[in-house]
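This report walks through selected salt bridges, strand pairings and a helix contact. The sequence and the structure come first.

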Amino acid sequence: MMNAVRILLILGLAPIACDDSDECWENRRIVSPRMGLALPSEVDQQIPPDADTTRAGDTCGDEPTCDAMPGLCPGDAFVVIHQLSSKVGETQYPLKLGLTTSCAEAEIEAHHIDGLVLRPVTAPPCAETGLVVTAEIANSRLQCRVPPIDVESSTSDVCAPQRVEGE
Amino acid sequence: MIVWWLAALAVAVWSLAPNEAVAAPSAPAAPDAQPLRDAAGSLRKMCAKAPDILVGNSEEVREAVIRVQVADAFASKSLQTERRSAIESMLRDPQPGDQADKLERDLPAVKRLDAELGAATVAGTDKILDDTKRDTLCTQICGDAATVMLDVCAFEDAALAEAALRIDPGAVAIVLAHVEKRLAELTKLDTEQAKAVEDYSPYLNAKDDVREAMFAGLGAGVLPFVGAEQIGAFINTAAQALAKVIVDRAKREAIGWLLDTMAAEVCVSEKDKDAAAETEKKWVREEIERHWLPNLCTLAKKDRAAHYGAGAAQLSALRAAVRADVGGLPGAAVGLGLGHLFLETALRPVRSNPRLPGATEGVVMCHTDERKPAASVSGFNVCTDALQVRSSAEAAMRAIVEGSDPRTALDELATEIDRVNLGTTAGAPPIGFLKSPQAQLLACALSMGRAVGDEPTKPSVLVGLLEAPACWTLVGSGYENLAVALATPGTKPVLAIDTRVSGQQFEQLSTLVRLHKKVRRPTERLLDASKKLAAAAKRVAELEDDAATPQDVRLPAPPTFDGTKKPAEAADAASTYLEDALASQLQLRRAKHLHAIADVLEAAADVASTTLDLLESVQPSIAPPPGTELLPGLKYADPIQGASAPTVAMKFTATTFPRNALRLLRVRVATIKRAASLARAIGDEDWGRAGNDGFALLIEAVTEVRKRLATTTKDPKKGEPLTDALDPLGKHLGTLAAIATAKDSDEMAEALDAAANPPGGWRSKLGKGNFTASLTAHAGLMGAYETRHGIYGAQFENWSNHGQAPTLFLPFGLELAWGLEKTVLALFFPIIDPAAFLGYDLGKGGRLPGPNPLTVLGPGIAGRVAFGKSPFGLMPFVLFRPRYRTWEPTANGPGAHVVQIGAAITVDVTLFRLFSRGR
């Protein structure tokens, strides 16, 4: 009976309990995975609080984001961050990462550990013209877009051509 | 509920089990036994531990193995050119020499193998065979030691091999497959290596021969899988057997439940018996239990009927009880009519007389009143008498429908009525007084069938009025019997019929003829009826004579035996044939006999009817001079004159002849006559017709009694409970007829199952005032608002809202339905929804729920409004589907719980009625 009452209360209150504007995304009605990109040196800033034991108690801290990522040259290292809701914990599904540039496509598979994927990736050829990183798992498909390098504002050796081995 | 779960489980098991067992491979009629013998011989050699055979050829074995290894090396792409040439050369020249030696140096694998083979030449076959495994195998399949499970080696014997293949080739194939598999475990050689040396190894010979035997015996390509198929067939058979057991059990549970329901609805419950108040319900139920369905209700006491839901023998006993009750329905009807007639007329000859104080209103109440002293009137307990009359009538009618001579049975009934009807009191004549003149007239009429004799003439018919005891009470003028009257001096004015009739000369019946001129025509009609009765009785006698003498019996064609059946099967078939043939003959004779009995009963009823006409016609409209009355006994229906209180003026003389009562008497006779059709139906073993005829008789009798109760009590509702009692009986009549008709327990079980779960159950929910509790499925189309909670794929849904697009809906659960004037309102509590797998998620590209063990669960609550008087309806509902939304199939993976609020258009499929009230 108590459970029935609880369900009815939840049914009644759910629509007004929280909404998409909630700051704390863990408490939103649909708690979806989150994705972000970071340079290796900046990974720590994007690890969500639940995944970072050093910041216990901060329940509404950072979340992964694509926004802070600058343009990349081919061969540059960056990290893909994929975070599941703490309520989901672990899934049985692999995370498929897709890297797409104007001249290359690559697919990488990763697995969550404690709901978190921190996957170092090397930017593929033509990354300087822009890169789309797609993270797909079960019923979630997220994308981050890395902007192209602004050639006009950059020095000519920002993305020096890679030396081909043997040449 | 348990019944349903059993049934659901059975259905599930049944659906999982393949409908057709995998057939075992058909064996050839006479497979060649030689390969089997060869295989057995090889196995014996292998098990004889004869390493000398291999050791003696060890060099050749070594060479052969090296050649195989070398051939493998030759196939290698990385082989250098010169070595390749050397190998080619060696392979062309099989003699090992320098080249081979060189190869051995260059090919480490060859050297390693050779070293092993070198060891083999010293240590026997150990390096090629696992001796321990071989010994284990051999102790199981070869020889006659105690550990041998099956002596396969014994198939070396030609006769034994031949016999084994003829009797059970499938089993031989399984054994060979097993042996081959075990043999394969013995060797360390791969296929090519084994092939190279097989000619030198008894083990390899055995392996090869076993394979050959398998293929030769049952066909290539099939045999290696025989074992698996056999096992599959066994599992399927076992699963089907299990399913059948569960289905049978579920059916028998249903049958037991139905019988309990029938018993509770039509018989007296223990609760009723304990009731302090004498309620109408109680006397009605006692009426059913004692007279209408005595056998079934006896079984039904204390849930005894439920035990008849299990076992063929018990079902047969139940069938016998039901048949007895169906056969007793005419007796119940005739007994009710006669009993009520007696009660209504006893000690109340004049209709206008006030009711006697304390008298019971109807014979149906006598079961409760008979225990009360207040029911007696002036020292006479008319209830006891009425019940006695009723009991005698039931016995007589039962005897008739079972094949007794109706003339005898009716005469015995008449004699019993005569005995009960005569009371003694102060001032009464020696033979007593008549409690009910009407009953006495009827008794006289009923007894005339026997009194008219086998060759009736006009005198003999009239003399029957003297010889039948029940008639003598009316015509005997107070004497005990004719002999006493004749022996009494000065009896001239006493007897109505002249004593000279003892000579049976019609002209000597002076008194009758002289005083009662109207008797000629009724007498002729009585004579005609009597002749027909005699003819009908003669036919019965002829049938009995035929049965006593050997006749040419037409038997159906016996079964043919073509020699393929085993002796036991042939014996069983012959026995079944004989039983069927005899049963058919017995049934034929019984049918003829009962049809003839029915003819006699109809003729006897006609005689009774014409006798009533005669008795009515001889009664003068004015009082005749003393000593000239034809029915002087009627004047003794005046017992209480001068008696102490309660003094009731009772006048019944010849001038107040109960002409009004004659109509009732003729109705009773007509009821008896109609029982003939039931006898015919029983003779034909048409229990459906018998049940209908019997029930129709009962309805007529009950309706008549109800009318008379309403008239005598001036309360139109007085007899209604009695007619209401017919409803449950009529409701179950079809089931009773099906039980009685069933030829065996399986048929009976099917009939009961059909009765327990009839199609069109939704109809029973219709009608104002009806209430039905049932296990019901609703099939339809639904759409819903859906809120989810839990892990769905990679997302956690926290009571998020979605829509469930229209999809199939098949909820099953408990329904409580109330019938209204134009519709049905119902509360439905679904438990499962087998169509839940089709709840596609439109927001995720139409993805279906990943099946898991909880997917079909859908507990909840629903309302239902029927569209008029139809099975269609609108059903708003709320369902909770646990772990319903799972991304992929899973046994115990995560999933989101779902609450659906929606509506469906459904069709009511009532599967099992648990309780119903109303119609």
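## Basis and terms

A salt bridge is here a side-chain nitrogen of Lys or Arg within 4 Å of a carboxyl oxygen of Asp or Glu. The model is predicted, and local features need pLDDT of at least 70, side-chain atom pairs count only at pLDDT 80 or more, and totals for chains, interfaces and linings use all residues. Residues are numbered from 1 along each chain as its sequence is written, chains are lettered from A and ligands numbered from 1 in the order in which they are written, and side-chain values use heavy atoms, with hydrogens and water left out.

## Salt bridges in chain B

Over all chains, the salt bridges number 23. One of them joins the side chains of Arg419(B) and Glu416(B), at 2.5 Å from N to O. These two residues lie 3 residues apart, about one turn, in helix α21 (residues 406-421) of chain B, where helices (H or I, at least four residues) and strands (E, at least two) are DSSP runs, numbered from the N terminus. Glu416(B) is buried, with a relative accessible area of 18%; buried means under 20% relative accessible area, exposed over 50%, and partly exposed in between, for a 1.4 Å probe and protein chains only.

A second salt bridge, between Glu786(B) and Arg885(B), has an N to O distance of 2.8 Å. This pair links distant parts of the chain, with Glu786(B) in strand β3 (residues 771-792) and Arg885(B) in strand β8 (residues 872-885), 99 residues apart. Both Glu786(B) and Arg885(B) are buried, and they belong to a network of salt bridges that also includes Arg788(B), Glu797(B) and Asp841(B). In another salt bridge, Arg881(B) meets Asp833(B) at 3.0 Å, N to O. Here Arg881(B) lies in strand β8 of chain B and Asp833(B) in the loop between β6 (824-832) and β7 (860-866), 48 residues apart. The relative accessible area is 1% for Arg881(B), which is buried, and 1% for Asp833(B), which is buried as well.

## Strand pairing

In chain B, β3(B) pairs in the antiparallel sense with strand β4 (residues 795-809) over 12 bridges, two strands being taken to pair if DSSP finds at least two bridges between them. Arg788(B) has Ser800(B) of β4(B) as its bridge partner. The two strands β3(B) and β4(B) form a hairpin with 2 residues between them, and Gly793(B) in the turn has a positive phi of about 65°.

In chain A, 4 strands form an open antiparallel sheet in the order β5-β4-β7-β8. Its edge strands are β5 (105-110) and β8 (140-146), each of which pairs on one side only. Strand β7 (residues 131-137) of chain A runs antiparallel to β8(A), to which 7 bridges join it, and Glu136(A) stands opposite Arg141(A) in β8(A).

## A helix contact in chain B

The axes of helix α20 (residues 382-401) of chain B and α21(B) come within 9 Å and cross at roughly 175°; axes are lines fitted to C-alpha atoms, for helices over the stretch in contact, and angles run from 0 to 180 degrees between N-to-C directions. The two helices α20(B) and α21(B) are therefore roughly antiparallel, a label for angles over 145 degrees. Residues in the contact (heavy atoms within 4.5 Å) include Val389(B) and Ile400(B) of α20(B), and Leu413(B), Glu416(B) and Arg419(B) of α21(B).

Key:
Angles under 35 degrees count as roughly parallel, over 145 as roughly antiparallel, 65 to 115 as roughly perpendicular and the rest as oblique.
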